[in-house]
2 protein chains.
Amino acid sequence: MNQSIKPGDNPDLTDERLSGTFDTNAMAAVIYGSDKLAQRRREISEAVSRIPELKDSKPYPFMTREEKILEGSRKSAVLNRLLPGLIDLESFEETVFIHQEVIGIEGYPLALHESLFIPPIATQGTDEQQEKWLMRAQRREIIGCYAQTELGHGSNLRALETTATFDISTREFILNSPTITSLKWWPGALGKSANWSIVIANLIIKEHNYGPHPFMVQLRDEKSHEPLPGITVGDIGPKMAFNGADNGFLGFKNYRIPRENMLMRHSKVTSDGSYIKPPHAKIGYSSMVKVRSRMAAEQGLFLAHALTIAVRYSAVRRQGFLKDKSREVKVLDYQTQLHRLFPSIARAYAFIFCGFETIRLYDQLLIDVQNGNTSGMADLHALTSGLKSVVTYQTGEGIEQARMACGGHGYSMASYISEIYGVAIGGCTYEGENMVMLLQLARYLVKSIEMIQNGKSRELGPMVAYLAEKESEIDLNLGPNEYLKVFEYAARNQTWRATEKFQKLRNSGMSNEKAWNQASVELTRASRLHTRLYIMSTFINHVGSIVDQKVKGVLIDLLNVHVTYEVMDIGIYVQGLLSSNQMDLIRNQLYVSLETIRPNAVSLVDSFQISDMQLRSQVICAFLAAWDDFQTKHCIMVQRTRFKTYILQQISFNKIKFEESYELRYLAILVAVSLRVPYVNDLCMDPRKFKTRQMLYHFVLGRRDGNVYENLFKWAKSSPLNQTDVLPSVTQYLKPMMDKSKL
Amino acid sequence: MNQSIKPGDNPDLTDERLSGTFDTNAMAAVIYGSDKLAQRRREISEAVSRIPELKDSKPYPFMTREEKILEGSRKSAVLNRLLPGLIDLESFEETVFIHQEVIGIEGYPLALHESLFIPPIATQGTDEQQEKWLMRAQRREIIGCYAQTELGHGSNLRALETTATFDISTREFILNSPTITSLKWWPGALGKSANWSIVIANLIIKEHNYGPHPFMVQLRDEKSHEPLPGITVGDIGPKMAFNGADNGFLGFKNYRIPRENMLMRHSKVTSDGSYIKPPHAKIGYSSMVKVRSRMAAEQGLFLAHALTIAVRYSAVRRQGFLKDKSREVKVLDYQTQLHRLFPSIARAYAFIFCGFETIRLYDQLLIDVQNGNTSGMADLHALTSGLKSVVTYQTGEGIEQARMACGGHGYSMASYISEIYGVAIGGCTYEGENMVMLLQLARYLVKSIEMIQNGKSRELGPMVAYLAEKESEIDLNLGPNEYLKVFEYAARNQTWRATEKFQKLRNSGMSNEKAWNQASVELTRASRLHTRLYIMSTFINHVGSIVDQKVKGVLIDLLNVHVTYEVMDIGIYVQGLLSSNQMDLIRNQLYVSLETIRPNAVSLVDSFQISDMQLRSQVICAFLAAWDDFQTKHCIMVQRTRFKTYILQQISFNKIKFEESYELRYLAILVAVSLRVPYVNDLCMDPRKFKTRQMLYHFVLGRRDGNVYENLFKWAKSSPLNQTDVLPSVTQYLKPMMDKSKL
């Protein structure tokens, strides 16, 4: 039933897989929306695994930023060539998936070219502008980015400072960065890779500021890639994660672009300096909603990554004794471990279900808007704002718990979980800071309450209708829908409470803004509860619609974990509703649910189908990597004999066996590089000849096969510090210090 | 009153400092226990800031691991020389402080030499052994580490696998690593730096296993620093943080050491192979307790680091509008921001107070033990186990909130908060995994309940006496002590509930271990509540003892933030006690307290006295750094003219102004290094000549002076990726891709 079992696996993991009660492929079909989509992911993973050029040159944690960016660029170029044979180019899902599979999660120089550079040209450029730039961008003749955020302003877009002043005499815009805080800051790929950018700048005509508008701006010479005069551009330096991306800064000094470079499908500036307003004010809105609508599923998958690692490792790590004193117990058998991991598995499923539902809602909205119906926009904007906040935060929490559940080895980069955390937690800040987002949803909730107060309950949308309802009797024995009622109670109560606090303050004579600020913590709480209610309700509905009975059965078990855990977690909000006996009942039910799900734990994470490559526990084509390094760093030729001497020295030094021929070759090149021993003829052949000769350096706790310890050792041995026995830190500092002490 | 005000500071920050109501030096005296200790910290910071050799060569986030280890070794060697002139060598506090000030928090190769290598020799070595090794270690003729944890075992020490088998014929121990999981794994400094180690191995005599014992083992040749035959040793690879430390692995293959290398103050093996037991079984216990007893203050200071950055930055970052539309508001004026940061400030103070109190208890315990009274050991062991868990977890939470409160720039390594998080959160795992620790405290709590059940309430220690008490009326208007009663209620209730669950399961016929496991989540909850009660009670007592009325006044305000926030946070546990009206009252009181503390926010973090150097926002003596790099990498000499040409090219290339002479010099050397242009005579002078010529590259959001934006820009410009305009990623991959598309 579990499709991940293979010979040679760690028997502890095989046992877990044999205890699963459902077909993991069928579950994957439920997770990814259809059997076809799930199968395509498997096929793409499989195809990618057969192409050595697409493998990591070496483990990402061993790379510098420069190397990560080089690696991402290399793979982007390779993918650009191979993509047509690997995926359906029309499928956005497949495009996203293959990039993540191949390049991983740490970012790469072309990540935003497709998602943030091309779309504005396509949606905001005129037909002529599209003709001029769209094909060039799509063919990747140019590489672009999207420069909006500035050093001084992220959330408050109205206060952006970059200016584009129209010069009527030359019919040009003059771009300027008038202050240090007006430097564009953060845009991905801006630092070193992009040669064009969409730049958001205040449109100024005859000293009147028409606010932020998009401009198409060339940054670098297309031949030399040098920044053009008037442009200051560079990388913003290392970050918590995403270090494979060159987020950049950008400043302008009287930089002139033709009038035709303002994207003018909606707003226009005529050659005589007249400004023509866009037909709809909120036209730019939908791209934000789109990005946020994708975040829930994306974050759910980050959580799934971390849980795959933690659950598999917990099934092979044995520590301490429970019943049988002859063998240590799997750490997955400790109740504290179940409690750490399983509610997060439920959330990962919930987020993914919810994410795909939101994407569906977004697609529906697009159709509605095209038909002139924009009424759903505010609803979806509010929903995605809240969802983004709750999901990113809970995902971060869950990933860190997963990491800690792996004990010390979770802290090693060999687990890779801290990198997943760094990437995922960025979501709390980018695309709208979470507090700001929660307060946007709160505005919508407060408006809904005001409608009820004004007797317009019947006009409420379906997502907020519960705010007007009365509380009803709860019979927890009737299943998940009763828990939903508990959440409705909590969200309703808190929304009313927060709204009334705001209204009371305002009525006391306080300004609207100040009253809002003083109620804001309560308002964010209302937003969170409302969003968690939505997540739970989507989970329940989704499970209800499943046909495969075995899959449905285990998802009902998982849903029981979810509803009991979530209600316990918001216990403080339901004091008036549930008796202490009822709370005890829920608590006990949670423990029972954790035990029930236990035999399916590994199968539930296997169903995410996250390949060893995506977990960065993949085969590393180290030879190819060393080859690349070698080519990059040394273009010199020397005699074969001198090189051989060095290698032989190194072999005796590191006690390497001759049989391990790939390890030897790798080592040889590393030696060559580190000692600057030049190139040798027999390493000089076409690198493609080595493509099938891969050295296996697996490295992660989450490996499908569960063979953790021996590979942890291999990984460590291959890390940069172990390429020499005595470090410069010793020869330069520690050794002289010790020697001097002996005198 | 606030002692941090200087000319040239960001006026927003100066305004905040002027609004403070107390003397920050007086507060520092309260934080660090005495005016003298606080003053010594200032003096040491000041002295260190005047020594260019002790500055960071470049920002840590720009370094590779090799460079971090090199930097730590360099500074260790310098400190070894300068320490006598800088600190009182007898003072453990000053020693710890100066190392953190100078080397920072990312670890260094000598960190464990003092804390984990020397103490076991001193406490477990015989007089002869001390004579042989102690002085050598103290003088740093040798560098040591402490190797206990193995690849397969951390928490369950009884299952360690390394063996030391006594060979009666040669009177030697033969060390072996019989399995891959028996490799020593994680010990700091083991990988590359240490040449000796204390190794914990199972003592085996005549096939009888006497369990883990400590052995003194030489790992590397003292001349060549090469590993000795029979030893496999190396670095375990990159980690989430602490990448300045070379945590290592270690394996033995029939490695022989003399009988005299077993540390034999307590247990002994005679030359005929007789084993002599130690007089007390728990003798090794106290070092764990000691380390854990220090963790609360240490973690409190990590939290203080992050909060210093976040609070200062929040006072200079302006975003959005509240009342006045003419100027954006400080983000510190948003209620959500207050709510994110201030309860953490209160916790940081509480943890530090609690930490120093625990250290005092530990010192008292040592005296008691020396007088033959070991009765307090179990109490302190239980207390420190719980404290370590709660404090590390809440510290991590608080640091991440501080980072997110800085928005996008918090995510940049220029904030350094993610590094602080990585270091601090390690505390959840090292020195006893948190769940394991909580369950150790739980054992103590369950025993206490059993004493009550057996009518022995009067024998309970003072920390658990409340478990036998009845609940009393709560009058929240009477201040913090009433909130303490609320916590007592919660902790008592939960401890009884968890204990009864355990007992009921056991009485139903379940084995002790299984019953314990099934009650373990409830038991960990009891442990957390008990510990939080202790933290609050220590905070209240500490504030009560303060003499300076202004300091006391603001700490009472902070205490009000603490007690209201903490009680809200455990609301679910006090449902039976507090009415919903009382909860509303507490909630409102919290919001009032947040506003009350607002004018003192910056002064409260300034009082931690964390220097810009400790925040790694220090002056960087880049020239010296470049000099070091240069010396390290290139020992070649070339003509002056050729070098000058390169520099001039680079100047025009990067548009560097000649006036910026330090920047120019730095650049010159970078160019020299990157282009392998050799050494020039005029750079060849004594580096000390440059010591006073420092280039200022500040880099952090938390700078004392609040001048964030311009320094953020400088920091970014100096980062490695900006040393060249066109990266190899472009020339090798992206440019060819674009060019090909144009065809």
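Modeller: Copies here are superposed by least squares on the C-alpha atoms of residues with pLDDT of at least 70 in both. It's a predicted model, so local features need pLDDT of at least 70 and side-chain atom pairs 80 or more, while totals for chains, interfaces and linings use all residues. Residues are numbered from 1 along each chain, chains are lettered from A in the order written, and side-chain values use heavy atoms, without hydrogens or water.

Colleague: What axis relates chain A to chain B?

Modeller: A rotation of 180° with 0.0 Å of shift along its axis puts chain A on chain B, RMSD 0.0 Å. That is the relation of a two-fold axis.

Colleague: Which C-alpha of chain A is nearest the axis?

Modeller: Its distance from the axis is 2.4 Å. The residue is Ile572(A).

Colleague: How many residues of chain B are in contact with chain A?

Modeller: Contact means heavy atoms within 4.5 Å. On that rule, 144 residues of chain A touch chain B, and the count for chain B is 143.

Colleague: What area is buried between chain A and chain B?

Modeller: Buried area is the accessible area (1.4 Å probe) that two parts lose on being put together, summed over both. Carbon and sulfur atoms give 60% of a total of about 12,000 Å².

Colleague: Which residue of chain A forms a salt bridge with Glu522(B)?

Modeller: The rule wants a side-chain nitrogen of Lys or Arg within 4 Å of a carboxyl oxygen of Asp or Glu. Here the closest N and O atoms are 3.4 Å apart, and the partner is Arg587(A).
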